[in-house]
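Hi,

Here is the structure I promised to pass on to you. My notes on what turned up in it follow below.

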Amino acid sequence: MLPKQEVVAMLLAGGQGSRLGVLTKNLAKPAVPYGGKYRIIDFPLSNCVNSGIETVGVLTQYQPLVLNDYIGSGQPWDLDSMDAGVHMLAPYQRGRKADWYKGTANAIYQNIPFIERYHPDYVVILSGDHIYKMDYSKMIAYHKEKEADCTIAQIEVPWEEAPRFGILNTREDGSIYEFDEKPKKPKSNKASMGIYVFSWSKLRKYLEQDEADSKSSNDFGKDLLPSMLEAGERMFAYEFNGYWKDVGTIESLWESNMDLLDPHTELDLGEPSWKIYSRNPVMPPHYLAPEAMVQNSLIAEGCNVYGEVDFTVLFAGTYIAPGAVVRDSIIMPGSRVEEGAVVQYAIVSENAVIGKGAVVGARPEEMDDKSKWGVAVVGENCVIAPGAVVPAKAMIDAEEVAK
């Protein structure tokens, strides 16, 4: 029998991430590279470790290969304990029946046997595609103080973005009296962060009830949470005031990377008391040639820079050739920007090659029609021909280039 764990975290990491286009064609969204040396999933995993949570289930489904390899035994996050640690939980066949995860609530329901092994008092539900630092132990303490059945982390978002989120309406004591999933006309701008603390006995009851309802879409936001609220369960909002970004779109992923270059950013990756851990490649230090011009950029290990780099995030093993110019962009691991090429306001995915003299992306102030501006994206393993032009907002796939 495994030792009892007061808290078990369940990290939902099976999303397809279709809004990220070619970046998630062969990759689960939580495995998308971020910030020069991380992947998105590093943030919730590191938050768990820093919060003292020793048992984490990672629920995978879409394109899990890279994610499985990356997490491995969990050693980089100190989650390789024999009796606890990190566990990869894919859908599996039970008896003669095999089911994909039908929704977020169903994904947890299918893993009730895993949770029960640890006899937890509380279960924390997390999303694998958000960038933030958060001490879950403080949220769990708040949950206990309120004697809550469910506590939902909330953050204030701009009013114009509120319809994208589940919106919480609360009383003065923090108790929730209304939950609207993506309302057209929100009554508040207090958005659910998709982070929940449940008392396990109560959550199990509602998971089983939700699974038995043939009309349910088996989703926390659409089904399970409204059911708990309607039944009069004790539900509270936990206010979060730090940096938090849902990086589910090209624009938000680009913006969040660029935020790291702001000296006044709320997201301090150098904070020694709350490190973000990752699995790093074994590469030599980066090299900046005498003729290189680099300013306000993040340069990871193994990079070789001979050209001009400004306000850019360079991941491990990238190469910027003499005469190349890279501005306001993200260049992911192993990619090359050849001589005379210009890359601006773009995301270049892993192991891509931008040919000599090619132009990728455009500056918004240089476009006549600003409505056509957007971040240009070059997919994994793409080879952009010498002299080719990839316009703003374009999304280039390796197969399209081959055609």
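Helix α1 buries D42, F43, P44, L45, S46, N47 and C48. That makes seven of the nine residues in this helix, which spans residues 42-50, so α1 is largely enclosed by the rest of the structure. After α1 comes G52, with a positive phi near 85 degrees. Please keep in mind throughout that this is a predicted model.

Two of those α1 residues turn up again elsewhere. L45 is, with V56 and M134, one of the residues that touch the most other members of the largest nonpolar core, which has 70 residues. Setting aside neighbours within four places in sequence, L45 is in contact with L11, V56, V58, I71, W77, L79 and V86. There is also a second, separate core of 34 residues, and V123, L168, F198 and L203 are among its members. F43, for its part, forms one aromatic cluster with Y34 and Y38.

On to the aromatic rings. The search of the whole structure gave 15 aromatic pairs. One of them is W254 with Y345: the ring centres are 5.5 Å apart and the planes meet at 35 degrees, so this pair is tilted. W254 belongs to helix α8 (residues 250-259), while Y345 sits in the loop between β26 (342-344) and β27 (346-348), so the pair ties together parts that are 91 residues apart in sequence. Both partners are buried, W254 at 12% relative accessibility and Y345 at 11%.

Y306 and Y319 make another tilted pair, with centres 5.8 Å apart and planes at 55 degrees. Here Y306 is in the loop between β19 (304-305) and β20 (308-310), and Y319 is in strand β22 (residues 319-320), 13 residues apart. Y306 is partly exposed, at 24% relative accessible area.

Now the strands. An open sheet of six strands runs in the order β17-β20-β23-β26-β29-β32, and its pairing is parallel. Its edges are β17 (293-295) and β32 (389-390), and each has a single partner strand, so one side of each is left without a neighbour in the sheet. Within the sheet, β26 and strand β29 (residues 359-360) run parallel and are joined by two bridges. V342 has V359 in β29 as its bridge partner.

Elsewhere, strand β10 (residues 150-156) pairs with β14 in the parallel sense over five bridges. Q154 has E239 in β14 as its bridge partner. Four of the five residues of β14 (residues 235-239) are buried, so that strand is largely enclosed by the rest of the structure.

Finally, what about the cysteines: how many disulfides are there? The count comes to zero. For C150, the closest cysteine sulfur is in C48, 17 Å away, and that is too far for a bond; C150 is itself buried, with a relative accessible area of 0%. C382 is in no disulfide either, as the nearest cysteine sulfur, that of C303, is 20 Å away. C382 also counts as buried, at 1% relative accessibility.

Happy to talk any of this through.

Best wishes

Note on methods:
Residues are numbered from 1 along each chain as its sequence is written. This is a predicted model: local features need pLDDT of at least 70, side-chain atom pairs count only at pLDDT 80 or more; totals for chains, interfaces and linings use all residues. Side-chain values use heavy atoms; hydrogens and water are left out. Rings of Phe, Tyr and Trp (its six-membered ring) pair if their centres lie within 6.5 Å; planes under 30 degrees apart count as stacked, over 60 as edge-to-face and the rest as tilted. Buried means under 20% relative accessible area, exposed over 50%, partly exposed in between (1.4 Å probe, protein chains only). A nonpolar core is a set of buried Ala, Val, Leu, Ile, Met, Phe, Trp, Tyr and Cys residues joined through side-chain atoms within 4.5 Å. Contact means heavy atoms within 4.5 Å. Two strands pair if DSSP finds at least two bridges between them. A disulfide is a pair of cysteine sulfur atoms within 2.5 Å.
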